[in-house]
Amino acid sequence: MPLRRLLRPSKPLVKTAARISAARKWCGQSDAPVVLVPTMGALHRGHAELICRARRAAGPKGKVVVSVFVNPTQFGPREDFSRYPRTFRDDAALCRREGVDLLFHPSPEEMYAPDASLSLVEGDLSRGLCGAARPGHFNGVCTVVTKLFNIIRPDLAVFGEKDWQQLAVIRRMVRDLDIPVGIIGYPTVREDDGLAMSSRNRLLDPASRKVAPRIHHALTGVVMEAEAGEFSVQRLKKGLMKDLLSIPGASVDYAEIVDGTTLQPLRKVLPGKKGRVLAAVRLGSVRLIDNLPL
Ligand code: AMP
């Protein structure tokens, strides 16, 4: 298929790694940057803002590439891989509206050889927080992001702060493996009621959706207390736990206050420490995460 056809706005689908590398060659003809936004699809306004950020970074002559791939290797055996929302037609429409230059949508078979025997292992940042409840998750993330980087060879890639631990792991990965891709973090995009936008929000039943913004309110409470002079992490966490557990139907996976870069637990919240408060909460069978800077 000629490249021009693949890039036509009405048909921006580039399905295989071979095609994307041809497209990448085409992108590479200009000196302007190629900027990648990796996603698992079910795109929402949060993703759209990441794409706008990518466009700003790419500049008028640069190229914005979005990948939509629900990566099986980052889901545990009892996780929601099969029921993860897949809305590819809508995703393609959003990408078209946002002026995306290439949309990469490979199948798991295209991405992983049946006898694939190599993957990446992250051994520090992924021990706690989401990594504790999801063993192997960040190894899967590192592996797929590296593969996407190798296929598309972007200059820059945009990741959301909503997945703070993921952003920290990716920054560490490009540092430790000398991967020549600049990482741009983008602040969390929220619904009007404060709920962090997430593809999983559409899996919430109405009662859970109604109370879900209280996760953000609980985190905001910690920020306000810290701003008012409470520096004890023990006391801040106690209040946070109480607020989260008072959400009807909620069970708390974790509620932590850590250094935003090393993800090590803090004992005190002090100005300039760049702390981060993070929580993962299950509402019914849906696991939601959120975080704020301290
Ligand atoms: P996902 O499709 O959920 O894997 O997300 C793809 C990218 O979008 C990741 O870098 C996420 O951190 C980012 N993202 C998802 N939701 C939001 C949000 N509400 N605000 C900012 N970034 C987000």
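How far is an oxygen atom of the ligand from an N or O atom in the side chain of D163? In this predicted model, the separation between the ligand oxygen and the D163 side-chain atom is 2.6 Å. Two further polar pairs involve the protein backbone: an oxygen atom of the ligand lies 2.9 Å from a polar backbone atom of M40, and a nitrogen atom of the ligand lies 2.9 Å from a polar backbone atom of V189. On its own the ligand has 480 Å² of accessible area, of which the protein covers 94%.

The ligand is surrounded by 16 residues, and the closest are M40, G160, D163, V189 and M197. By class, the shell consists of eight nonpolar, six polar and two charged residues. At least two shell residues come from each of β2 (34–39), α3 (45–58) and β5 (156–160).

The largest nonpolar core comprises 41 residues, and M111, V145, F149, I152, F159 and I183 have the most contacts inside it. Helix α7 (residues 137–152) provides the largest share of this core, with nine residues. Beyond its neighbours within four places in sequence, M111 is in contact with F69, F104, P106, V144, K147, L148 and I151. Another core, of 28 residues, lies apart from the largest one and includes V233, I247, V281 and V286. In soluble globular proteins, nonpolar side chains tend to be buried together.

G221 is located in helix α10 (residues 213–227). This residue, G221, counts as partly exposed because its relative accessibility is 21%, and the cut-off for buried is under 20%. G221 and F138 are 83 residues apart along the chain, and their C-alpha atoms are separated by 29 Å.

Definitions and conventions. Residues numbered from 1 in each chain as written. Predicted model: local features only at pLDDT ≥ 70, side-chain atom pairs only at ≥ 80, totals over all residues. Heavy atoms only, no water. Core = buried A, V, L, I, M, F, W, Y, C linked by side-chain atoms within 4.5 Å. Buried < 20%, exposed > 50% of the residue type's maximum accessible area, 1.4 Å probe, protein only. Helix = DSSP H or I, 4+ residues; strand = E, 2+ residues; numbered from the N terminus. Contact = heavy atoms within 4.5 Å. Near = heavy atom within 4 Å. Polar contact = N/O pair within 3.5 Å; in protein donor to acceptor, adjacent residues only side chain to side chain. Areas by Shrake-Rupley, 256 points an atom, 1.4 Å probe, with all protein chains shown as cover. Nonpolar A, V, L, I, M, F, W, Y, C, P; charged D, E, K, R; others polar.
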